Structures are given as structure tokens and as C-alpha cells.
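Here is a short briefing on one structure.

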Amino acid sequence: MKLLSRSEAETREIGRKLGEKLKSGDVVCLYGELGSGKTTMVQGIASAFGISERDITSASFTIIAEYDAGTPFYHIDLYRVTPGEVPELGLQEYLGSAGISVIEWAERAEGEIPDNSIRVSLNHKEEHSREIEIKGIRINRDA
Ligand SMILES: Nc1ncnc2c1ncn2[C@@H]1O[C@H](COP(=O)(O)OP(=O)(O)OP(=O)(O)O)[C@@H](O)[C@H]1O
Ligand SMILES: [Mg+2]
């Protein structure tokens with residue numbers, strides 16, 4: 001499904017609705033250029049698990065941030081990782097677990113991503129609008 005977000009707040013809201021549909025073990029892959037709204041989307045998804053948006057950052061040196069949200073919540077940001085370094089990260093420990101994993105720049109780890117992952121592509125349209133395509137799950141925007 002394709003959605004249009006017209007603001008950062010709307011992208012967070014779409015993320016929250018997606019988060020509410022997730023179940024234990026789900027992997028969400030986020031694709032999109034710099035500034036397309038991936039971290040904003042993670043903040044929304046995390047909020048569905050009671051994690052404060054302020055705690056979800058694009059910290060320079062944190063590749064994997066783990067949150068205890070009843071079920072573990074893993075925010076994985078591969079921006080600074082080259083595909084050659086991916087095997088060292090031990091991603092399967094997270095992706096194969098009962099926790100929820102959300103991955104920015106997921107294309108850098110494509111070989112390790114489970115086939116049944118939920119894929120979200122963010123496309124920068126205008127300064128404040130983003131086209132958001134979600135595959136593998138349906139959300140109800142009006143709910
Ligand atoms: N509709 C929108 N949805 C999301 N972000 C928006 C929107 N409109 C404007 N923005 C702005 O775009 C930026 C998105 O930043 P964000 O860190 O979420 O992107 P990112 O894809 O994670 O970038 P990076 O590749 O650097 O990690 C923010 O500054 C936000 O305010
Ligand atoms: Mg980011």
C-alpha cells in the first residue's frame with residue numbers, strides 16, 4: 001500500500017499504526033535516501049511499544065540500539081556499515097529472535113534479511129511530503 005505523508009508528525013503517526021500491527025519476531029526494513037524520514041518512522045513504530053521518541057536517535061556510533069519494551073525492540077541503523085562489514089554484526093541474533101527489529105538502510109544487509117520481512121520505502125517528494133510504500137502488512141490509516 002502507498003500512503004502520502006505531509007509532515008514529520010504524519011510519518012510518526014503512520015509508524016505508530018504500523019507498530020500496533022507488529023507481532024513478536026517481526027522485522028521491518030526501511031529504505032530511502034538521507035533525510036527521507038526513516039528515523040522519524042522508527043520513532044513512530046517505537047511509540048507503539050511505549051518507547052519515547054526522544055530515545056530513538058540517529059546516534060553516530062550506535063549501530064544496534066536495544067530497548068526493553070516488554071518485548072525487546074531493536075533499532076538497527078546500517079548507515080555507517082559497508083556490506084562487507086555486515087557479517088560481523090551478528091544480525092541473526094536479533095532478526096531471528098522474538099524481539100521486534102527495525103532496520104534503517106536495510107539494503108546493506110539484504111542477504112541477511114528474512115524473506116517475510118515488512119518493507120517500507122520512503123520517497124522524498126517535496127520539502128514536507130513523503131510517499132511511503134508499505135509491503136507485507138496492511139495498516140488502517142483512519143483507525
Ligand atoms: N513528511 C515527512 N516525514 C518525515 N520527515 C519529514 C517530513 N517532512 C519533513 N521531514 C523532515 O525530514 C527529516 C527526516 O529525517 P530522518 O532523520 O527521519 O531521516 P532519515 O531517513 O532517518 O535520514 P538518515 O538517512 O540520515 O538516517 C527531518 O528533518 C524531518 O523534520
Ligand atoms: Mg536515520
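Buried means under 20% relative accessible area, exposed means over 50%, and partly exposed lies in between, with a 1.4 Å probe and protein chains only. By that rule Q43 is buried, at 11% relative accessibility.

This is a predicted model: local features need pLDDT of at least 70, side-chain atom pairs count only at pLDDT 80 or more, and totals for chains, interfaces and linings use all residues. Side-chain values use heavy atoms, without hydrogens and water, residues are numbered from 1 along each chain as its sequence is written, and chains are lettered from A and ligands numbered from 1 in the order in which they are written.

- T39 sits in helix 2 and E104 in strand 5 (residues 100–104), so the pair links distant parts of the chain, 65 residues apart.
- Helices (H or I, at least four residues) and strands (E, at least two) are DSSP runs, numbered from the N terminus.
- T39 and E104 are both buried.

**Largest pocket**

- The largest pocket holds about 200 Å³ of space.
- Its lining has 13 residues; G35, K38, T39, S58 and E104 lie nearest the centre.
- Helix 2 (residues 38–47) gives the most to this lining, with three residues.
- The lining of the largest pocket splits into three nonpolar, six polar and four charged residues.
- Ala, Val, Leu, Ile, Met, Phe, Trp, Tyr, Cys and Pro count as nonpolar, Asp, Glu, Lys and Arg as charged, and the others, Gly among them, as polar.
- The search uses a 1 Å grid over the protein atoms alone: a pocket is an open set of points with protein on both sides within 12 Å along at least five of seven lines, a cavity is a set where a 1.4 Å probe fits but cannot get out, and lining residues have an atom within 4 Å of a point.
- Grid points are joined across faces, edges and corners, and a volume is the space filled by probe spheres set on the points.

**Largest cavity**

- The whole structure contains one cavity of 30 Å³ or more.
- The largest cavity has a volume of about 40 Å³.
- Its lining consists of A59, S60, T62, I63, D77, Y79 and R80.
- By class, the lining of the largest cavity has three nonpolar, two polar and two charged residues.

**Aromatic rings**

- There are four aromatic pairs in the structure.
- Rings of Phe, Tyr and Trp (its six-membered ring) pair if their centres lie within 6.5 Å; planes under 30 degrees apart count as stacked, over 60 as edge-to-face and the rest as tilted.
- One of the pairs is Y67 with F73, edge-to-face, at 6.3 Å centre to centre and 70 degrees between the planes.
- Y67 and F73 are both buried.
- Y74 and Y94 have ring centres 4.8 Å apart and planes at 75 degrees, so this pair is edge-to-face.
- Y74 lies in strand 4 (residues 71–77) and Y94 in helix 3 (residues 92–95), so the pair ties together parts 20 residues apart in sequence.
- Both Y74 and Y94 are buried.
- F49, Y67 and F73 make up one aromatic cluster.

**Polar contacts**

- Q43 is in helix 2, and its side chain makes a polar contact with the side chain of R12 at 2.9 Å.
- A polar contact is a pair of N or O atoms within 3.5 Å; within protein, one must be able to donate a hydrogen and the other to accept it, and residues adjacent in sequence count only if both atoms are side-chain atoms.
- S117 lies in the loop between strand 5 and strand 6 (118–126), and its side chain reaches the backbone oxygen of P114 at 2.8 Å.
- S117 is buried, at 7% relative accessibility.

**Backbone and chain positions**

- W105 has a phi near 60 degrees, a positive value in a residue other than glycine.
- W105 is in the loop between strand 5 and strand 6 and is buried at 12% relative accessibility.
- P87, in the loop between strand 4 and helix 3, is exposed at 58% relative accessible area.
- P87 and A109 are 22 residues apart in sequence, with 8.5 Å between their C-alpha atoms.
- A69 belongs to strand 3 (residues 64–69) and is buried at 18% relative accessibility.
- The C-alpha atoms of A69 and G50 are 6.7 Å apart, across 19 residues of chain.
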